Amino acid sequence: AYVSNKFYGEPSKNLTVIGITGTNGKTTTSYLIRSILEKSGDATGLIGTISYFIKDKKYEACHTTPEAPVFQAMLRHMLDEGCKFAISEVSSHALSQNRVSYTRFKIAVFTNLTRDHLDFHKNMEEYFLAKKRLFTKFLSEDGTAIINEDDIYGQRILAELKDSGRRIITYSLKNNRADVCAINITTNF
């Protein structure tokens, strides 16, 4: 990761890199963020489960979060193509294997943590510790953490970041004291 980051000229220093982690909702969240940014006129890149995008050009995804050389090459290509934002799903495997090390994440989003990937992680605590690294190891000092406070693991990340000096935005479907909360939810089919 170190060599890849240096080889490609430390591209995350000149991009706003948004990392999204959690068991469920990473892909949906990444596409929503991409759509919002594009509607505001900003050029974006996306690294995720379904495909990778640099502006409107689509690439086949090899992993949710590719190995460090591919990840850094994608960030460099995004920067060279004029992207301002890079949105990336960040898997627990990638965090455990340091695929995103030396990347400067300006924004980190936590969706939730449910039982999954326990074939790779020995237990839920190990799985959680991998996800938490996005916020405690890879989020820049001046970065923003966006946390689902409805999730017990989200609450643990909030407690750990409380005195970190980072900006924290909470969201909730249950707690109207969160920074962002959904109210009057209706479903139409």
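Predicted model: local features only at pLDDT ≥ 70, side-chain atom pairs only at ≥ 80, totals over all residues.
Ground rules. I number residues from 1 along each chain as its sequence is written, and side-chain values use heavy atoms, without hydrogens and water. Local features need pLDDT of at least 70, side-chain atom pairs count only at pLDDT 80 or more, and totals for chains, interfaces and linings use all residues.

Overall. I looked up the secondary structure and found six helices and nine strands (DSSP runs numbered from the N terminus: helices H or I, at least four residues; strands E, at least two). The radius of gyration, taken over C-alpha atoms, is 16 Å, close to the 16 Å from the globule rule (2.2 Å times the number of residues to the power 0.38) for 189 residues, so the chain is as compact as a globular protein of that length. I find 48% of the 189 residues buried (under 20% relative accessible area, 1.4 Å probe, protein chains only).

Helix 3. Gly-82 follows helix 3, with a positive phi near 90 degrees.

Cysteines. I searched the whole structure and found zero disulfides (cysteine sulfur pairs within 2.5 Å). The sulfur of Cys-62 is 18 Å from the closest cysteine sulfur, in Cys-83, too far for a bond. Cys-83 is buried, at 4% relative accessible area.

Note on methods: Buried < 20%, exposed > 50% of the residue type's maximum accessible area, 1.4 Å probe, protein only.
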